[in-house]
Amino acid sequence: MKRVTLKDIANVANVSFTTVSRALAGNPEINEETRKHILQISRDMGYVGSKGSRRSDAISGKTIGLLVNNIRSPFTAEVAFHIEQHAWAQGYTLLMSHTVGKRQMHGEVYRILFEKAVDGIISMPAHEMVYDDIKHYLAQVPTVFINEDLQGRSESYVTIDNYKGSYIGTEYLLSLGHKKIIYCGRASTKVSRQLRLKGYIEACEAYGCTPQHIEYPYGVDSTQCGYMMGKEIFTRPRDFTAIFAATDTTAFGLMRAAAEIGVRIPEDVSLIGFDNVDLSGMPGIALTTIDQPKEAIAGVAVNMLLEKIKYPAIESSHRLLNPSLVVRESCRQL
């Protein structure tokens, strides 16, 4: 892992080391055009100045940075908990921050974690394009991505087989006799969500059913968005007997809308979620769902990152874990 230096910036800008140093220090002897040019290059290269200079290995505080997209998500919170537990077991502390689901914040928060001189970063991206936003940092600090399939990118990551998860969930509904299944929660900003939708669609087509799906309002995954979708689909003529929710939190919102409108689950509509967060198994919810092995994801991610920290030249690793079906009480046989 090579940190960007003033000499690197000087080579790219085709100016002297001294000119770069003075420009970044705001020296009035450097003209404005040159200063702006050098500042832009330093930002593009991911340069971190003396204020955030990274400590040497000899005084390392053994700290891992965790960057998540939405800590209010039960799934994210549970994964973060397990990451912290695994990090502590290995003698590392955790420094966590989140981007509230905004792509534009990911690069800025990543830079802040980098400046805090963490030994490595585990990142849960909110948008598939964030890799381009932070690529200049990836060569400078060990990084592992979680809960996203990078599909051919060279960065290390661990995720589950999202396609398989939604396929087996759809197959389960089909085995109960459901032929009209609607998928709630289409999102195009993450590869993992695209794969979930693809698994649902191809399972439907394999069994001769017509897939139908609706998108998240505003492209956001939340209980409120599930509730908004529920208010829409439960008040129109019902052309479905089962719902596949893209996440458990979406399913919780759908349950709330169903209760308000008088739609009974599973008597009137069967419902399956995705994630198997702790709340999904509570009495009164008992949601059938697809389990993501959250503790396993966390453990693999931490071990993968520590290996990258110890051996910076190691090749990237890709781990795809298996999901599983958890049957509870929210689906019924037709």
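Author: Phe-17 is partly exposed, at a relative accessible area of 47% (buried is under 20%, exposed over 50%, partly exposed in between, with a 1.4 Å probe and protein chains only). The model is predicted, so local features need pLDDT of at least 70 and side-chain atom pairs pLDDT 80 or more, while totals for chains, interfaces and linings use all residues. Residues are numbered from 1 along each chain as its sequence is written, and side-chain values use heavy atoms, without hydrogens and water.

Phe-17 belongs to helix H2, residues 17-25 (helices are DSSP runs of H or I with at least four residues, strands are E runs with at least two, and both are numbered from the N terminus). Leaving aside residues up to four places away in sequence, Phe-17 touches Leu-6, Lys-7 and Ala-10 (contact means heavy atoms within 4.5 Å). Leu-6 is 11 residues from Phe-17 along the chain, and their C-alpha atoms are 6.3 Å apart.

Elsewhere, two helices pack against each other. The axes of H4 (residues 74-89) and H11 (residues 294-310) come within 8 Å and cross at roughly 45° (axes are lines fitted to C-alpha atoms, for helices over the stretch in contact, with angles from 0 to 180 degrees between N-to-C directions). H4 is therefore oblique to H11 (under 35 degrees is roughly parallel, over 145 roughly antiparallel, 65 to 115 roughly perpendicular, and the rest oblique). On the H4 side the contact is made by Phe-75, Glu-78, Val-79, His-82, Ile-83, His-86 and Ala-87, and on the H11 side by Lys-294, Glu-295, Ala-298, Gly-299 and Val-302.

The strands can be taken next. Six of them form an open sheet with mixed pairing, in the order S7-S6-S8-S9-S10-S12 (two strands pair if DSSP finds at least two bridges between them). S7 (212-215) and S12 (324-326) are the edge strands, each with a single partner, so one side of each has no neighbour in the sheet. From one strand to the next, the twist averages 20°.

S6 (residues 181-186) pairs with S7 in the parallel sense over 4 bridges, and Arg-186 has Glu-215 of S7 as its bridge partner. S6 is also joined by 4 bridges to S8 (residues 242-245), again running parallel, with Cys-184 opposite Ala-245 in S8. Because 5 of its 6 residues are buried, S6 is largely enclosed by the rest of the structure.
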